[in-house]
Amino acid sequence: MAFLANPTARFTHCASPTGSAAGPGGRDAPWQTVDQAIAAVPSTCTAVGGALPEVRLLGSAASPSTYVSAGLTVRSRLTIVADEDRGAKLAGTGTSEAILLANGANLTLRGLRLDPSLNNGGPAASGITVPNTFPAIALSCTGVLFENWTDHALNAANSCRINVTQTDCDFVAGSAAGGIFLNSYDGAYVVRGGSCTIGAQNTLFRGAICVNSHPGSTPTVDIQDFDTSITLDPSLTGSGPHYGIRLVDVLGASRIAGGYHEILGAPGARTRWAGRARSSSVFAPSGAARAVA
């Protein structure tokens, strides 16, 4: 096999809605769909320096390209990046999420918009779903906009073992059960900057971020400078807790620091950040916080 002069080129494939099913996936001859681009990337190889194989979605922030997948399931090492920051919308069709992470996934997302409401005219659901997984699954999101989900932006409803890093990501939903939901969680969740705005949260015990520890596990949560704003759905008139950020039985080294947190809307108990955390955890939001009926 001949080696290319640029050793990383073989691991990068471009896609464009105006591309061709014949590829071959360069910038001048991109694939037409994200599925074709992903299928063309070797799943067992890494580029020089350990970089992940890359799929680059062409489009502009002024007029984002829309990519509707036949059901995007990631099982290996892969990077999906917008060619221009937030210039590409990614959705699924025939599935309940834009992206499903399967065992063995190591996914990096940069500059994308994840919008499950583009789900072939069907109902919006989760941006990313994580099933009951074994170790060695990872997700890194930088500059990603999660929008228009109605379940959760990132939904790991069952026992999950995944390391998540979230940098300068924004979450915007008009009506949602919550933002990030990591249930029975065992892993490391790191947040740096970004925001979450939910226009009508419609489920009790949820919020911008909700992390519940897996029994016997030692998860860590490190949230810094993450702004949250939640308006409760008018139908939530009964008593019950509502959260900006909720951590349950997380490891003592975890912390929430900085950020602006507010909850608006229906009456009932609510708090700006913590549910139940181990006593040595540090919760010190430095910004303003309020809960307003």
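Me: Before anything else, what does contact mean here?

Reply: Contact means heavy atoms within 4.5 Å. Take Leu 114: leaving aside neighbours within four places in sequence, this residue is in contact with Leu 90, Ala 98, Ile 99, Leu 109, Gly 127, Ile 128, Val 144, Leu 145, Phe 146 and Glu 147. Across the chain, 78% of contacts between residues at least 6 apart in sequence join residues at least 24 apart.

Me: And where do these coordinates come from?

Reply: This is a predicted model, so to speak of local features we need pLDDT of at least 70, and side-chain atom pairs count only at pLDDT 80 or more, while totals for chains, interfaces and linings use all residues. Residues are numbered from 1 along each chain as its sequence is written, and side-chain values use heavy atoms, with hydrogens and water left out.

Me: What helices and strands does the chain have?

Reply: Helices (H or I, at least four residues) and strands (E, at least two) are DSSP runs, numbered from the N terminus. Here you get one helix and 26 strands.

Me: How do I read burial, and what share of the chain is buried?

Reply: Buried means under 20% relative accessible area, exposed over 50%, and partly exposed in between (1.4 Å probe, protein chains only). Of the 293 residues in the chain, 51% are buried.

Me: Which residues have the most contacts inside the largest nonpolar core?

Reply: In soluble globular proteins, nonpolar side chains tend to be buried together. A nonpolar core is a set of buried Ala, Val, Leu, Ile, Met, Phe, Trp, Tyr and Cys residues joined through side-chain atoms within 4.5 Å. The largest one has 64 residues, and Ile 99, Leu 101, Leu 109, Leu 114, Leu 139 and Tyr 189 have the most contacts inside it.

Me: How many aromatic pairs are there?

Reply: A pair of aromatic rings is described by the distance of the centres and the angle of the planes. Rings of Phe, Tyr and Trp (its six-membered ring) pair if their centres lie within 6.5 Å; planes under 30 degrees apart count as stacked, over 60 as edge-to-face and the rest as tilted. The structure holds three such pairs.

Me: Why is the pair of Phe 146 and Phe 171 called stacked?

Reply: Their ring centres are 4.6 Å apart and the planes sit at 10 degrees, so the pair is stacked. Phe 146 belongs to strand S12 and Phe 171 to strand S15, 25 residues apart. Phe 171 also pairs edge-to-face with Phe 226, at 6.2 Å centre to centre and 80 degrees between the planes. Phe 226 counts as buried, at 1% relative accessibility.
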